[in-house]
Amino acid sequence: MSTGINLKYMRRALQLALNGFTHPNPMVGCVIVNNGEVVGEGWHPAAGQPHAEVYALQAAGDRARGADVYVTLEPCCHRGRTAPCTDALIAAGVRRVIVAVRDVDIRVKGKGVETLQAAGIEVRTGSLQNKAREMNRAFFHFHETGRPYVTLKAAMSVDGRIATRSGSSKWVSGNESRDYVHILRARSGAVVAGINTLLNDDARLDARPAGVVVPRQPLRVVLDSHLRLSPNSACVRLAREFPDTHPLLIATTRYASQTAVSALAGPGVEVAVLASDLNGRVGLHALMALLAERKIVSVLCEGGAELAASLLTERLANEAMYFVAPIVIGGSEAPGPIGGSGVDTISEAWHTGRIAVSRFGSDLLLQMKISY
């Protein structure tokens, strides 16, 4: 088996993995090859549904016997909502399993490989490992640190404004960018916004990607220290109408009145009173601890500028995604994507890694990791 063939099939498995909306599980793809022919493909569509290996084995049928299996993540060896994939691979009689990257979930973490080897199946690891890990960077971050992976997202003009001086922001970015943001929401464990964003935009914060039926909605989270959110706001009404599928968590502090809590709390809407920071706002470390406790692996922060600044200051943001539209807004009072007081000197600036650039219609997406 040449390295070139190895990479060809693993690239295909990585491509298949992107079809899934799997939170809190990782995205996984699988390709089964017998005598140089692809006989089965599959991906993990959603948490609670069969894993990629199972779908690929079903497609391959008897042709899986003696075949090579390319899978982007170490096969699971424990019984959760589905049976162990190692059992299915062993029962199918596969010859070799090529794994991109080992799992970091403590329930697997090498034991999947060991189980297959103990059954006499050859296992190779490390094929396109970095790409496989990057695709599931939030999953790896969560299991290695115990904290959600936080992405800052904003749409802005080429001169760095996210709205006009009057607060108008619909729409800075184009249709293609907004469609992709809905994909990002659907793949996230939670979508977080500050109260000012909700008061300005009356956003629903749910995932509505064009032409895609998503298996689950993200937990929608609003930070509202004094509970100014109206019970008639779009995000609250959506939670009331669909309490089981569109949950809303409102994070507040002891400064909120009990009357306001009673007006908002109810079916589909949870009000969580968390510790406040020195400015009386919802403590972000307390929020992340709560989300981690609820197995929220990834967080998409959609606004606003003050929340983004606080996440950077508290060293909780891991990545930034900026959709840059070919418009100029101008105005010294027009807000940018990062608020707060900023830094005093360039040497204190937050740094990012290499910037990845992609295009959505007439917009550019700048995507970068944040380092501290």
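User: Which residues line the largest cavity?
Analyst: His141, Arg147, Pro148, Val150, Met288, Arg315, Leu316 and Asn318. A cavity here is a set of points on a 1 Å grid over the protein atoms alone where a 1.4 Å probe fits but cannot get out, and lining residues have an atom within 4 Å of a point. Bear in mind that this is a predicted model, where local features need pLDDT of at least 70, side-chain atom pairs count only at pLDDT 80 or more, and totals for linings use all residues. Residues are numbered from 1 along each chain, and side-chain values use heavy atoms, without hydrogens and water.

User: What volume does the largest cavity have?
Analyst: About 40 Å³, taken as the space filled by probe spheres set on the points.

User: And what lines the second largest cavity?
Analyst: Val150, Val192, Leu284, Leu287, Met288, Val299, Cys301, Leu307 and Leu311. Its volume is about 30 Å³.

User: Which element gives the largest share of that lining?
Analyst: α11, with three residues.

User: OK, switching to helices. How do α2 and α3 cross?
Analyst: The axes of α2 (residues 52–60) and α3 (residues 85–92) come within 9 Å and cross at roughly 25°. The two helices are therefore roughly parallel to each other, a label for angles under 35 degrees.

User: Which residues meet there?
Analyst: Glu53, Val54 and Leu57 in α2 meet Cys85, Ala88, Leu89 and Ala92 in α3, with contact meaning heavy atoms within 4.5 Å.

Conventions
1 Å grid on protein atoms, 1.4 Å probe; cavity = no way out; pocket = protein on both sides within 12 Å on 5 of 7 lines; lining within 4 Å. Helix = DSSP H or I, 4+ residues; strand = E, 2+ residues; numbered from the N terminus. Axes fitted to C-alpha atoms, helices over the stretch in contact; angles between N-to-C directions. Parallel < 35°, antiparallel > 145°, perpendicular 65-115°, else oblique.
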